[in-house]
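Below are some notes on how the chains of this model meet. Please read them with the structure open.

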There are 4 protein chains.
Amino acid sequence: MALAIEKEALSVYLVDIFPQIAEDFRIEELNQDRLVMRLLTAERHLRPGGTVSGPSLFALADVSVYAFLLAQMGPRALAVTTSASLDFMRKPAAGKDVLSECRLLKTGRVLVVGEVLMFSEGMDKPVARASMTYSIPPR
Amino acid sequence: MALAIEKEALSVYLVDIFPQIAEDFRIEELNQDRLVMRLLTAERHLRPGGTVSGPSLFALADVSVYAFLLAQMGPRALAVTTSASLDFMRKPAAGKDVLSECRLLKTGRVLVVGEVLMFSEGMDKPVARASMTYSIPPR
Amino acid sequence: MALAIEKEALSVYLVDIFPQIAEDFRIEELNQDRLVMRLLTAERHLRPGGTVSGPSLFALADVSVYAFLLAQMGPRALAVTTSASLDFMRKPAAGKDVLSECRLLKTGRVLVVGEVLMFSEGMDKPVARASMTYSIPPR
Amino acid sequence: MALAIEKEALSVYLVDIFPQIAEDFRIEELNQDRLVMRLLTAERHLRPGGTVSGPSLFALADVSVYAFLLAQMGPRALAVTTSASLDFMRKPAAGKDVLSECRLLKTGRVLVVGEVLMFSEGMDKPVARASMTYSIPPR
């Protein structure tokens, strides 16, 4: 399936609808099979000890699936997260950006399911995984 | 099981170990059966449209279970979140605080499981539910 | 909200649509707030050591939410499970029936969310918890 | 990491410890990176309409992760499932076997996390996904 929006246009669109997250996230890669998003780790994302917080990883997964959904289905700003499951497997490396690798497993008319693996930059084992379901409200 | 820390002491302890979250959360109620935590909703917790963001609800659930774990088991700052599942069921009311009701379903030596219902203040139907598992590292 | 079907009629209906599960499950209690379902534990539900298997607990949770959904919304045999999360917290007692306590947290037009606590009969601490989401296909 | 058991020995071992599941599952492929398990779909796995039931898919995911855990860590029959999350994305094809593709994301001393994609044989889009966590009891 061809993408409805390419990386540059999607990046502009995300900043437009979510201005407050523009300085947190950046799309690194986007093609039909996957999207890679970067969390630009800053002081506000950290827990004592310097690791990236759970809510920041949740936000990264959530934004990744939402962005990929927009890229595949076209802008539907009303899609809402209905469920999420996450496993936190390793301590994120202190002070490193976190990269997400996102795939969509289903893009139905009503439900979209995405899965995300997250890595501290430069590491080969994931710090966390997430599955997120979005609901597309009837028009 | 008697609580290892009462509400006032726990509140002081949480601010001590997580200074950056002190202005976001406040323990409203604590007894052996449940803990109620308040998210002091502010601009930084909102999404376009005025609803409380998913990461803010995740953070509320995570802090609620962690605080109750400390209250029941005594301070073990090393407990780490290992998994989480959330369902987002209704749009949080704009500009309202969110209250969590937390129970611990298991407080084992290795794993602690808590569940949380979250309500926009004054509403009787939950906006979200969460289950969180914490792992207690071997000493 | 009044129930669309009472306990006796619902029991008959479930056996009608799922004849193969009639000997596994029995509705113990049904009112507007909760449904209690019994797993009639038999050899085929057990794992080595005599504990009830994970798939049997999954089935109990799934049937509980589906039955309560039918009771509240009326027969819609097309509702399908779209997601599930479970925590297994204690070893079920050998040879005991398992009782589920089910609540519906959301009964929307598109999605229904239920949560279930499961207990070995006679025990006061849950062996497992589950959250299940059902999707109601557009008519 | 080299496997502790190869496919043939693992198949024999699984039948030995779980005789009742021997006719339901068969290991198709096993290497360091992934395990593929086949659900030998039979009447007892079906729901009305001929689709494979949710509990049967749960069992497939659970057995896949457990078998891969044994293959990587060596026989530890005491590993227990502590949490599971599943998304059911498409109706399984009637009368087809289901194939699982399993990866282990973490094999720690205390927790093992696996993820599983499940496909009706011959289809290229997954019918379901699952993440399962196993706890390894202290010796």
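1. A crossing of two helices is called right-handed if the near helix is turned clockwise from the far one by less than a right angle, and left-handed if anticlockwise. The structure discussed here is a predicted model. In it, helix 2 of chain A and helix 2 of chain B meet in a right-handed crossing.

2. Two packed helices are described by the angle between their axes and the distance between those axes. For helix 2 of chain A and helix 2 of chain B, each covering residues 54-73, the angle is about 145° and the axes lie 9 Å apart.

3. Which residues make this contact? From helix 2 of chain A they are A:G54, A:P55, A:F58 and A:A59, and from helix 2 of chain B they are B:G54, B:P55, B:F58 and B:A59. By type, 6 are nonpolar, 2 are polar and none is charged.

4. Turning to chains C and D, 19 residues of chain C touch 19 residues of chain D. The two chains bury about 1,500 Å² between them, with 60% of that area on carbon and sulfur atoms. C:R47, C:F58 and C:F88 provide 31% of what chain C buries against chain D, more than any other three residues.

5. How many salt bridges link chain C and chain D? The count is 0. Polar contacts are found for 4 residue pairs across this interface, both residues being at pLDDT 80 or more.

6. On the side of chain C that touches chain D, helix 2 (54-73) and strand 3 (80-88) each supply at least two residues. Strand 3 of chain C gives the largest share, 8 residues. This side of chain C divides into 11 nonpolar, 6 polar and 2 charged residues.

Methods:
Residues are numbered from 1 along each chain as its sequence is written. Chains are lettered from A and ligands numbered from 1 in the order in which they are written. This is a predicted model: local features need pLDDT of at least 70, side-chain atom pairs count only at pLDDT 80 or more; totals for chains, interfaces and linings use all residues. Side-chain values use heavy atoms; hydrogens and water are left out. Axes are lines fitted to C-alpha atoms, for helices over the stretch in contact, and angles run from 0 to 180 degrees between N-to-C directions. Helices (H or I, at least four residues) and strands (E, at least two) are DSSP runs, numbered from the N terminus. Contact means heavy atoms within 4.5 Å. Ala, Val, Leu, Ile, Met, Phe, Trp, Tyr, Cys and Pro count as nonpolar, Asp, Glu, Lys and Arg as charged, and the others, Gly among them, as polar. Buried area is the accessible area (1.4 Å probe) that two parts lose on being put together, summed over both. A salt bridge is a side-chain nitrogen of Lys or Arg within 4 Å of a carboxyl oxygen of Asp or Glu. A polar contact is a pair of N or O atoms within 3.5 Å; within protein, one must be able to donate a hydrogen and the other to accept it, and residues adjacent in sequence count only if both atoms are side-chain atoms.
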